[in-house]
Amino acid sequence: MGLDDKISNAAEKAAGKVKETTGRASDDESLEAEGRADQSKADIKGAGEKVKDAFKH
């Protein structure tokens with residue numbers, strides 16, 4: 001996994017956490033769900049990159 005990918009995934013996960021927390025604080029279920037989805041997407045991308053790296057070595 002390249003450094004750019006790691007940074008991008010970490011930023012996406014952090015943004016998702018902010019959305020989730022903001023949604024929870026403002027009682028906006030849609031924003032909270034969107035934040036959780038963003039975090040999951042970042043986790044999946046990270047896992048995919050790790051698998052790809054494993055096959056390179």
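Predicted model: local features only at pLDDT ≥ 70, side-chain atom pairs only at ≥ 80, totals over all residues.
**Helix packing**

Helix 1 covers residues 3-25, and helix 2 covers residues 29-56. The two pack with their axes 7 Å apart, at an angle of about 160°. Angles over 145 degrees count as roughly antiparallel, and the two helices are therefore roughly antiparallel to each other. In passing helix 2, helix 1 makes a left-handed crossing.

The length of helix 2 can be checked against its residue count. With 28 residues at 1.5 Å a residue, helix 2 should span 40 Å, and the 41 Å between its end C-alpha atoms agrees with this.

**The buried residues of helix 2**

Which residues of helix 2 are buried? They are Glu32, Gly35, Asp38, Gln39, Ala42, Gly46, Glu49 and Asp53. Residues three or four places apart in an α-helix point the same way, because the helix has 3.6 residues a turn. Helix 1 is included in what covers the buried residues of helix 2.

Glu32 lies in helix 2. Its relative accessibility is 16%, so Glu32 counts as buried, the cut-off being under 20%. Apart from neighbours within four places in sequence, Glu32 is in contact with Lys19, Glu20, Gly23 and Arg24.

Ala15 itself is partly exposed, with a relative accessible area of 38%.

Asp27 is found in the loop between helix 1 and helix 2. Is Asp27 buried or exposed? With a relative accessible area of 67%, Asp27 is exposed, since the cut-off is over 50%. Its phi is near 60°, which is a positive value in a residue other than glycine. Most residues other than glycine have a negative phi.

Asp28 has a contact at the start of helix 2: one of its side-chain oxygens reaches to within 3.2 Å of the backbone nitrogen of Ser30.

| Residue | Relative accessible area | Class |
|---|---|---|
| Ala15 | 38% | partly exposed |
| Asp27 | 67% | exposed |
| Glu32 | 16% | buried |

Methods: Residues numbered from 1 in each chain as written. Heavy atoms only, no water. Helix = DSSP H or I, 4+ residues; strand = E, 2+ residues; numbered from the N terminus. Expected span 1.5 Å × (residues − 1). Buried < 20%, exposed > 50% of the residue type's maximum accessible area, 1.4 Å probe, protein only. Contact = heavy atoms within 4.5 Å. Polar contact = N/O pair within 3.5 Å; in protein donor to acceptor, adjacent residues only side chain to side chain. Axes fitted to C-alpha atoms, helices over the stretch in contact; angles between N-to-C directions. Parallel < 35°, antiparallel > 145°, perpendicular 65-115°, else oblique. Left-handed = near helix turned anticlockwise from the far one by under 90°.
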